[in-house]
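Hi,

Here is the structure I promised to pass on. Have a look at it first, and then read my notes below.

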Amino acid sequence: MTSLPSLPTPKKLGLVIDLDVCVGCHACVISCKEWNTGGYGAALSDQDPYGAEVSGTFLNRIHTFEVVPEGGQVIGEAGEARIVHFPKSCLHCEDAPCVTVCPTGASYKRAEDGIVLVDESKCIGCGLCAWSCAYGAREMDLAAGVMKKCTLCVDRVYNETLKEIDRVPSCVRTCPANARHYGDLADPGSEVSRMVAERGGYDLMPEQGTRPTNKYLPPRPRKPLAASAGSAVLAENTDGAKGFFAWLDGMLDRI
Amino acid sequence: MHPAFSIILFTTLSGLGYGLAAVLGLGLLDASTLSVKLAHLGALAMIAGGLLSSTLHLGNPQRAWRALSQWRSSWLSREGVMAIATFLPLMVSTWFAVVEGRYLPVVGLIGSVMCGITVYCTAMIYASLRSIQAWNTGLTPLCYLLFAAAGGLLLATVGAFVSGSGATVCAILALILVAVAWIAKHAWWNRLRTLVPLSTPESATGLGNIGHVRLFERPHINDNYLTREMGFKVARKHALKLSRLAILVGGVAPIVLLLMAIFAGGAAAVPAAVLAALCYALGLVVERWLFFAEARHAVMNYYGG
């Protein structure tokens with residue numbers, strides 16, 4: 001059934017991604033691919049894996065953006081431009097257009113926890129759901145001919161054969177910087193909901209009307225580079241030099 | 001958006017086929033003539049050919065029947081259901097035209113209405129996608145419907161000139177519809193070229209309150225499914241030229257040729273009408289190619305395109 005659940009789902013399982021913390025190491029990309037190529041549904045294939053035109057199916061990708069405050073120069077005032085690493089996977093939207101456009105009923109949103117999944121045995125590989133997704137969360141697997149997407153590691157989060165600490169999505173478990181958090185965003189008391197409230201977590205492209213479950217935490221304000229550089233790095237300044245260096249400074253000045 | 005050949009062929013062919021079938025269903029032409037019988041068969045062939053070519057791009061075409069199940073929410077599913085349902089009245093009309101040389105008004109009219117609904121569903125597959133702002137307008141189904149009607153009338157005009165009955169009325173109607181269709185398309189293009197993007201790199205990343213957002217590095221060096229499928233770009237200058245060419249070949253040329261056919265009449269009318277239909281089809285293919293090639297997908301905000 002590709003109609004969306006009529007009532008708000010009692011749970012809204014999703015991710016909170018902290019853009020202040022992500023270092024852009026791509027570890028989550030690899031662990032996602034590794035877990036999901038052997039897990040839910042068809043494997044995540046690669047085409048020409050050892051050739052020049054390598055490409056493949058991924059459910060999670062890291063983009064890197066440069067943000068320049070208005071008026072700042074990209075190079076001249078490099079201290080003001082900043083780099084933001086930007087992990088992106090399915091946002092498990094409440095108004096998921098990828099679900100309603102599906103002609104076969106393969107694409108669906110679970111009524112109990114809001115996870116958006118693809119039943120691969122029903123998918124005809126028409127690609128329309130990928131077209132409807134503004135976020136690029138869906139990729140067609142070219143070997144299997146079916147649509148692949150983030151499952152929020154549905155085969156981990158409910159998996160009682162795993163240790164409790166491992167019952168989170170693979171990307172969350174693997175992130176060495178702790179930039180990815182998993183939880184129930186319908187519960188205002190959950191850790192992820194509190195994080196969103198404290199840090200001003202936001203939706204991506206709210207104008208698309210998709211009401212994503214996943215939230216992003218903005219980078220924290222940063223002081224200008226010049227302010228944190230101090231005087232030490234400036235080679236022409238010897239103020240405050242003591243002992244041998246003060247003597248050397250004085251001698252060199254006199255020569 | 002990547003202009004896939006199978007989809008361009010599908011929308012053009014099935015549009016012309018449904019247009020022709022709808023015109024035949026109105027009973028403007030004499031069903032006892034050979035050319036009208038052939039027109040009935042030709043319309044069915046174009047529709048069937050278009051539908052078959054649309055399954056060529058599926059990853060798992062053997063499950064295509066499942067696409068008939070989600071008509072409650074999906075325009076693609078609705079289109080599939082309508083396409084198959086429309087075959088019923090069209091087959092009946094064709095049978096009576098080909099075998100008995102008769103026109104059945106009720107079945108014919110039902111067929112015409114259903115042809116229109118099917119074309120509308122096709123257009124709504126594209127028009128309903130918010131992620132592709134260029135298509136997300138009521139002008140999209142309007143253009144699809146007008147192009148189908150104009151194409152159908154043009155093809156019917158060819159048949160009418162061959163059989164020698166009702167040709168002038170058909171030709172005048174075709175002339176009007178061709179003009180109206182390209183005027184509507186012109187409005188569609190105007191909207192596209194003055195569009196303020198709904199989504200930007202700033203809204204896509206939510207970092208707009210810090211400053212101007214620019215892609216620094218893609219997730220990977222090579223293309224992926226998304227950049228291949230959605231990342232097709234055509235230079236603006238190129239697109240403008242092509243759209244003018246489409247109007248010239250698909251709009252102005254058929255109108256001039258139809259006028260020649262109406263006023264010259266006789267033996268010269270048939271080749272002029274055939275040429276008009278061919279020009280129109282060529283213009284339509286260019287228009288359909290641009291429909292995809294010019295459309296920018298919101299995901300390209302993440303890929304610097």
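Helix α8(A) is hardly covered in this predicted model, with one buried residue among its 12. By "buried" I mean under 20% relative accessible area, with exposed being over 50% and partly exposed in between (1.4 Å probe, protein chains only). Helices here are DSSP runs of H or I with at least four residues, strands are runs of E with at least two, and both are numbered from the N terminus. α8(A) covers residues 243–254, and its end C-alpha atoms are 17 Å apart, which agrees with the 16 Å that its 12 residues should span at 1.5 Å a residue. That expected span is 1.5 Å times one less than the number of residues.

Before I go on, some housekeeping: residues are numbered from 1 along each chain as its sequence is written, while chains are lettered from A and ligands numbered from 1 in the order in which they are written. As this is a predicted model, local features need pLDDT of at least 70 and side-chain atom pairs count only at pLDDT 80 or more, whereas totals for chains, interfaces and linings use all residues; side-chain values use heavy atoms, with hydrogens and water left out.

Still on chain A, the domain assignment gives domain 1 (13–222) and domain 2 (223–255); such bounds come from an automatic or database assignment. The centres of these two domains of chain A, taken over C-alpha atoms, are 48 Å apart.

Two loop residues in chain A are worth a look. Most residues other than glycine have a negative phi. His26(A) has a positive one, near 65°, and sits in the loop between β1 (13–18) and α1 (27–37) of chain A. It counts as partly exposed at 26% relative accessibility. Asn178(A) is not a glycine either, and its phi is positive at about 60°. You'll find Asn178(A) in the loop between α5 (170–174) and β10 (180–184) of chain A, partly exposed at 47% relative accessibility.

Now chain B. The unreviewed UniProt entry annotates "transmembrane region" at residues 37–59, 80–98, 104–127, 139–160, 166–184, 245–264 and 270–291 of chain B. Those positions are in the numbering used here, feature names are shortened, and annotations may be inferred rather than shown by experiment. In the model, residues 104–127 of chain B are 96% helix and 0% strand, with end C-alpha atoms 34 Å apart. For residues 166–184 of chain B, it's 95% helix, 0% strand and 27 Å.

How many residues of α1(B) are buried? The count is 18 of 21, so the helix is mostly covered. α1(B) runs over residues 5–25 and reaches 30 Å from first C-alpha to last, close to the 30 Å expected. Just after α1(B), Gly27(B) takes a positive phi of about 75°.

Helices α6 (residues 167–193) and α10 (residues 266–293) of chain B pack at about 20°, their axes 13 Å apart. That makes α6(B) roughly parallel to α10(B) (angles under 35 degrees count as roughly parallel, over 145 as roughly antiparallel, 65 to 115 as roughly perpendicular and the rest as oblique). Axes are lines fitted to C-alpha atoms, for helices over the stretch in contact, and angles run from 0 to 180 degrees between N-to-C directions.

Finally, Leu52(B) is in helix α2 (residues 34–54) of chain B and is exposed, at 59% relative accessible area. Leu52(B) and Ser14(B) are 38 residues apart in sequence and 10.0 Å apart in space, C-alpha to C-alpha.

Cheers
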